[in-house]
Amino acid sequence: MGDNKRPENMERITTPELADAFITEQLEALRAQIGDKKVLLALSGGVDSSVVAALLIKAVGKQLVCVHVNHGLLRKGEPEQVIEVFRDNLDANLIYVDASDRFLSKLTDVTDPEIKRKIIGAEFIDVFAEEAGKLDGIEFLAQGTIYPDILESGPVKAHHNVGGLPEEMDFELVEPVKFLFKDEVRVVGRQLGLPENMVNRQPFPGPGLGVRCPGAITRDRLEAVRESDAILREEFAAHGLEGKVWQYVTVVPDFKSTGVRNDVRAFEWPCIIRAVNTRDAMTATIEEIPYDLLAKLAARITSEVPGINRVLYDVTPKPTGTIEYE
């Protein structure tokens, strides 16, 4: 792997002191690499790209241009938090692109999961390339590559932007956290002052909530996924499970069943809750959610989310079930 092999003597970053030393070292390295040039970053709001953004802001300030593309498949409140944290609090040079309508219109009536992923990936590349084309003097592309990405898929974190970037974007890569594991990235993020709910953000796939809206994505069902996910995250945090369970999601499949609402039959969707623990995402076990919490989730989701009349709990480990539904 050459330059993409983690140094054998590199100490695991487990304490604030080690994180501070890493930050100091990286700031020096980033300034030496970038000089007075500009660097571009696709800022998703996930922990990896957020930590890279915070490092680069400290290192080169306004020479960093962050592009946050809202493809309409983000979780509730995520675009707003990215703007608040980076533009308002850290004074970042942030370009926000709301491309929701553009993405969702291309996904109309598309049911095949792989085709959906390809559409989302290709559209992201197009939007990002359009924004990059409006900028002058960009010579570097920053990415939130971390060490497991290198081990699993090679030196470029293609899935970070759902499919890589066009070859004509001949930028030199800037990857300051490429030798870190996810837990180390979180420690560094805390030392950089990022909010805890951003540092502890769960893994989130490039296609976003699209993988939790099986079948053809419709705006109303996508909104049901987004709202139920927000309730799940809120209740897990209130019950002390945030940061203790590796990933927890809601899924709203494309079928309906009969229920009763206001004494009238209601033909509505089910909402599936999935909560898993894993070390490497290759296998996963099921988190046992206390019944009182499940009952509260069922009551809140069916009463607060339009179109949902049932709440189900998926108890399938991986294998045979995958962590996401698509």
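Me: Which residues are linked in a network of salt bridges?
Reply: Glu234, Glu235, Lys296, Arg300 and Glu304 are linked in one. Keep in mind that this is a predicted model.

Me: OK, take Glu235 and Lys296. How far apart are N and O in that salt bridge?
Reply: The N to O distance is 3.6 Å. The pair links distant parts of the chain, with Glu235 in helix 9 and Lys296 in helix 10 (residues 291-304), 61 residues apart.

Me: And is Glu235 buried or exposed?
Reply: Glu235 is buried, with a relative accessible area of 3%. Lys296 is partly exposed at 40%.

Me: Which residue does Arg226 meet in a salt bridge?
Reply: Glu223, at 3.2 Å from N to O. Both lie in helix 9 (residues 219-238), 3 residues apart, which is about one turn of the helix. Arg226 has a relative accessible area of 14%, so it counts as buried, the cut-off being under 20%. Glu223 is partly exposed at 34%.

Me: How many salt bridges does the structure hold?
Reply: 26. One of them is between Lys37 and Glu139, where the closest N and O atoms are 3.8 Å apart.

Me: What does that pair tie together?
Reply: Lys37 lies in the loop between helix 1 (16-34) and strand 1, and Glu139 is in strand 4, so the pair ties together parts that are 102 residues apart in sequence. Lys37 is partly exposed at 34% relative accessible area, and Glu139 counts as partly exposed too, at 39%.

Me: Switching to strand 4, then. How many of its residues are buried?
Reply: 4 of its 5 residues (138-142), so the strand is mostly covered.

Me: In what sense does strand 4 pair with strand 1?
Reply: Parallel, over 4 bridges, with strand 1 covering residues 38-42. Leu40 has Leu141 in strand 4 as its bridge partner.

Me: Last topic, cysteines. How many disulfides does a search of the whole structure find?
Reply: 0. Cys213 is in no disulfide, and the nearest cysteine sulfur, that of Cys271, is 11 Å away.

Me: Is Cys213 buried or exposed?
Reply: Cys213 counts as buried, at 0% relative accessibility. Cys66 is also at 0% relative accessibility and counts as buried.

Note on methods. Residues are numbered from 1 along each chain as its sequence is written. This is a predicted model: local features need pLDDT of at least 70, side-chain atom pairs count only at pLDDT 80 or more; totals for chains, interfaces and linings use all residues. Side-chain values use heavy atoms; hydrogens and water are left out. Buried means under 20% relative accessible area, exposed over 50%, partly exposed in between (1.4 Å probe, protein chains only). Helices (H or I, at least four residues) and strands (E, at least two) are DSSP runs, numbered from the N terminus. Two strands pair if DSSP finds at least two bridges between them. A disulfide is a pair of cysteine sulfur atoms within 2.5 Å. A salt bridge is a side-chain nitrogen of Lys or Arg within 4 Å of a carboxyl oxygen of Asp or Glu.
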